[in-house]
Amino acid sequence: MAEPFYITTAISYPNGKPHIGHAYEAIAADVIARFQRAQGRDVRLVTGTDEHGLKMVQTARGQGVDTRTYADEMSQYFRKMCDDLDVRYDAFVRTTEPRHHEASIAIWKAMEAAGDLYLDRYEGWYSVRDEAFYDESELVDGEGGERLSPQGTPVEWTVEETWFFRLSKYQDRLLQLYRDNPGFIQPDSRRNEVVRFVEGGLKDLSVSRTSFDWGVPVPGSPGHVMYVWVDALTTYMTGVGYPEREGDYDRFWPADIHLIGKDIVRFHAVYWPAFLMSAQLPLPKQVFGHGFLLARGGEKMSKSAGNVVDPMVLAERFGIDNLRYFLMREISFGQDGSYSAEAIVSRCNAELANSFGNLAQRTLSMIFKNLEGVIPPSGEEGADRALLEQVTAACRQLAEDFSGLAFSQGLDAWMGAVFACNAYVDEMAPWALKKSNPERMAEVLGTLVVAIRALAEAVGPVIPSSSARLIELIDSGRDGAAIAQPTPIFPRLELPEGREEAAA
């Protein structure tokens, strides 16, 4: 049986339509999942929407609609985004689902049985936008004396009866976890931030609210709903069948990777493992906090700045595979990165249309026109073998880099092989060989087809639809069958009128 591999994205908070940052994370998770499937792993990819909390209530109220109705509508946008961007998830979990309520209640009862929950009164700073509690020492002053969280969001003083989780009890165990498993939090910069935070001392965490009722009810405590992060984090186990301990849960838990934005690493690398330790459940193997996707000029995207971009506008304008390729190629994964219409057009035209796409188009077109569409065997001369060895080495390097989530590096190695193929074409000049040595022309074209197919397969996790079309065309020529007349896989892109992205 194939080795299991389980990856989750962060559970998106749908208090508005998806933006390009959501798409970036979903695409990255899909690339990882597709790559692992190509390595023969039995993969599960779980995503979804975290629909509880005060912020959702306030947003729905502000729009004059029922909270559940609003959550249903917004969640559907996120599901559609994944579907439209060719993200092949295995489960889409909504925190409003009965199966998820069952999972949340199960982990709550397990933490309660461990003696880690107690009832008390909470007084402190709370950010509705972040759904997070902050210590006085973490706050900064905004304009007009307004108190702001480290994320720059407004905080308000909150007083209410609440259940607390004994987070302080797990400080030493968490630090031991980080020491014994240096790869648990990645990249290293995120790990260092978390270690410093935990070393500074942990206070017990408020894990229920009474000021609203939109959430999972706390068992045996009328009027209390679970703090959204207890609820949201548990979706990662809901997605593989928890609280059932057999079947998918037994096979796939613990998760291999929680893929999240760097702004929510604390919840995933401090609170979540502490909850799981309390419930005596296995911990995920890695929490990876990727960087922000910034708008042109290096600005963080926000509704207030008016620079939030609908990913589907970009996908429709430039093509789904072009957008996927750009995001994985342009940005060093784990670091912040930026994008613009100009950058997308420049990168995709140079590498996909002009280099790889043109390589495939002219090779297969020559076979269609000059060899009646029948793909010839590859050549055996030194130059032929050297090219195929270079392509094989590049594909191997891509796989090694993708295993370490170094997507841009892997695609750089891949592009090196594409450039080598184009240099081989220029050197061999098959159009000249057509008259002087047609047998050698056929060998050169056959060699190129082998190289192109290997390159298409290697890059398949990033540009799945385009790669599949190219491989299908090549494979239609098996056993001497003639291929159909090829059409460009990557037509050249043009900058949109006005050269600006459309804001959502």
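A429 is buried, with a relative accessible area of 15%, where buried means under 20% relative accessible area, exposed means over 50%, and partly exposed covers what lies in between, as judged with a 1.4 Å probe and the protein chains only. This residue has a positive phi of about 45 degrees although it is not a glycine, and A429 is found in the loop between helix 15 (407-428) and helix 16 (430-436). Helices here are DSSP runs of H or I with at least four residues, strands are DSSP runs of E with at least two, and both are numbered from the N terminus. The model is a predicted one, in which local features need pLDDT of at least 70 and side-chain atom pairs count only at pLDDT 80 or more, while totals for chains, interfaces and linings use all residues. Residues are numbered from 1 along each chain as its sequence is written, and side-chain values use heavy atoms, with hydrogens and water left out.

E372 also has a positive phi, of about 55 degrees, and is not a glycine. E372 is found in the loop between helix 13 (341-370) and helix 14 (382-403), and with a relative accessible area of 70% this residue is exposed.

Y242 and P243 are joined by a cis peptide bond with omega of about 15 degrees, and P243 has its place in the loop between helix 8 (235-238) and helix 9. Another cis peptide bond, with omega of about 10 degrees, joins W253 and P254; P254 is found in the loop between helix 9 and strand 13 (257-261).

Helix 9 (residues 248-252) contains D250, which counts as exposed because its relative accessibility is 56%. Together with E102, E244 and E246, D250 forms a negative surface patch. Such patches are made of residues with over 30% relative accessible area and no salt bridge, with like charges joined within 9 Å and nonpolar side chains (Val, Leu, Ile, Met, Phe, Trp, Tyr) within 5 Å. Asp and Glu count as negative and Lys and Arg as positive, while His and the chain ends are not counted; the place of a charge is taken as NZ of Lys, CZ of Arg, CG of Asp or CD of Glu. Accessible areas come from the Shrake-Rupley method with a 1.4 Å probe, and for residues only the protein chains shown count as cover.

Six strands form an open sheet with parallel pairing, in the order 3-2-1-13-14-9, where two strands pair if DSSP finds at least two bridges between them. Strand 3 and strand 9 (185-186) stand at the edges with a single partner strand each, so one side of each is left without a neighbour in the sheet. Strand 2 (residues 42-49) runs parallel to strand 3 and is joined to it by four bridges; T47 has F92 as its bridge partner in strand 3, and T49 stands opposite R94.

An open sheet of four strands has antiparallel pairing and the order 5-4-8-10. Its edge strands are strand 5 (132-134) and strand 10 (205-206), each of which pairs on one side only. Strand 4 (residues 117-127) pairs with strand 5 in the antiparallel sense over three bridges, and W125 stands opposite Y134 in strand 5.

## Salt bridges

Side chains of opposite charge can pair when their charged atoms come close. A search of the whole structure finds 31 salt bridges, each being a side-chain nitrogen of Lys or Arg within 4 Å of a carboxyl oxygen of Asp or Glu. One of them joins the side chains of K80 and D84, at 2.5 Å from N to O; both residues lie in helix 3 (residues 67-84), four residues apart, which is about one turn of the helix. K80 is partly exposed at 46% relative accessible area, and D84 is partly exposed at 26%.

R329 forms a salt bridge with E351, and the closest N and O atoms are 2.9 Å apart. This pair links distant parts of the chain, with R329 in helix 12 and E351 in helix 13, 22 residues apart. R329 counts as buried at 8% relative accessibility, and E351 counts as buried at 8%.
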